[in-house]
Amino acid sequence: MTGRLAIVGIGPGAAELVTPLATETLAAATDLVGYGPYLARVPERPGQKRHASDNREELARAREALALAVLGRNVAVVSSGDPGVFAMASAMFEAIETGLEAWKSIEVTVVPGVSAMFAAAAKAGAPLGHDFCVISLSDNLKPWDLVLKRLEAAAVADFVIVLYNPASKARPWQLGEALDLIGRYRASDAPVIFARAVTQADEHIELTTLGRADPSRGDMRTIIIVGSSATKLISRGAGEPFVYTPRHVELAET
Ligand SMILES: C[S@@+](CC[C@H](N)C(=O)[O-])C[C@H]1O[C@@H](n2cnc3c(N)ncnc32)[C@H](O)[C@@H]1O
């Protein structure tokens, strides 16, 4: 008998940002599959089996989950943020597409979650209030030239730009190059938000400008939002300014 498989987004960190549907789906599963630190965020339940794996093993993890589901288990694959954003949902569908024919008959659901970009934006105000574009800086799964091409197009088109996976020990220089490239098309006072470990115990949100942005502040727990020419600050007496992008674009005078 074929089981069920759910790919569940558990949000950026805070327990309050795990949706009721995600909580319900995780509680109903017989087996939880995922990257160890993400599984550790899910409350233990008696009788439920955990299958932890390393972060780099997405396709192997997906196949393991499908092999369990095809045996009749009720499997939940745990993913951080939203599972469809640079995460497990795509890996699962790739494994289904390229795997055993029987895997295509498994009932699969994707349970959305709060993506890090939305949690980060909410901390700063509303920087994603108008057109924006989301780019992963990781060149593990695509060539760096393609990252640069997309970044340049986004910068030229004046999108607010959200950068995921900005830097790691193995990728120390890419963020600096990315910010330099955006800076060729955007004013040096464009607001930039470095949001690290959003909604987690060691959360750190830093508001700076493109001209002052320090690439060494980015790591694998950071998301970066670069404002467009329309993104504004509202200064206030105490606390950081609010950052927002208006919902309308001023028409250029003709
Ligand atoms: C593999 S992607 C997963 C994204 C996730 N699916 C989402 O929707 O947020 C991992 C990257 O997401 C970003 N990220 C995830 N959680 C974060 C958090 N709590 N604070 C800041 N950035 C986060 C970082 O850029 C990290 O390198």
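Predicted model: local features only at pLDDT ≥ 70, side-chain atom pairs only at ≥ 80, totals over all residues.
Me: Start with H6 and H7. At what angle do the axes cross?
Reply: Roughly 30°, and the axes come within 9 Å. H6 covers residues 144–156 and H7 covers 174–183. Helices (H or I, at least four residues) and strands (E, at least two) are DSSP runs, numbered from the N terminus. Axes are lines fitted to C-alpha atoms, for helices over the stretch in contact, and angles run from 0 to 180 degrees between N-to-C directions.

Me: Parallel or perpendicular, then?
Reply: H6 and H7 are roughly parallel to each other. Angles under 35 degrees count as roughly parallel, over 145 as roughly antiparallel, 65 to 115 as roughly perpendicular and the rest as oblique.

Me: Which residues meet there?
Reply: From H6, Trp144, Leu148, Leu151, Glu152 and Ala155; from H7, Gln174, Glu177, Ala178, Leu181 and Ile182. Contact means heavy atoms within 4.5 Å. By class, that is 7 nonpolar, 1 polar and 2 charged. Here Ala, Val, Leu, Ile, Met, Phe, Trp, Tyr, Cys and Pro count as nonpolar, Asp, Glu, Lys and Arg as charged, and the others, Gly among them, as polar.

Me: How many residues of H7 are buried?
Reply: 7 of its 10, so H7 is mostly covered. Among them are Leu175, Gly176 and Leu179.

Me: What covers them?
Reply: The cover includes H6, strand E8 (160–164), strand E9 (191–196) and strand E11 (222–226).

Me: New topic. How do H3 and H4 cross?
Reply: At roughly 65°, with axes that come within 9 Å. H3 is residues 58–70 and H4 is residues 88–98. The two are roughly perpendicular to each other. Their contact has 9 nonpolar, 1 polar and 4 charged residues.

Me: Now Asp31. Where is it, and is it buried or exposed?
Reply: Asp31 lies in strand E2 (residues 31–35). At 1% relative accessibility, Asp31 counts as buried.

Me: Which side chains does Asp31 make polar contacts with?
Reply: His51, at 2.7 Å, and Arg73, at 2.6 Å. A polar contact is a pair of N or O atoms within 3.5 Å; within protein, one must be able to donate a hydrogen and the other to accept it, and residues adjacent in sequence count only if both atoms are side-chain atoms.

Me: And phi of Asp158?
Reply: Near 65°, a positive value in a residue other than glycine. Asp158 sits in the loop between H6 and E8. Asp158 is partly exposed, at 31%.

Me: What about phi of Ala197?
Reply: Near 50°, also positive and not glycine. Ala197 lies in the loop between E9 and strand E10 (204–209). Ala197 counts as buried, at 3% relative accessibility.

Note on methods:
Residues numbered from 1 in each chain as written. Heavy atoms only, no water. Buried < 20%, exposed > 50% of the residue type's maximum accessible area, 1.4 Å probe, protein only.
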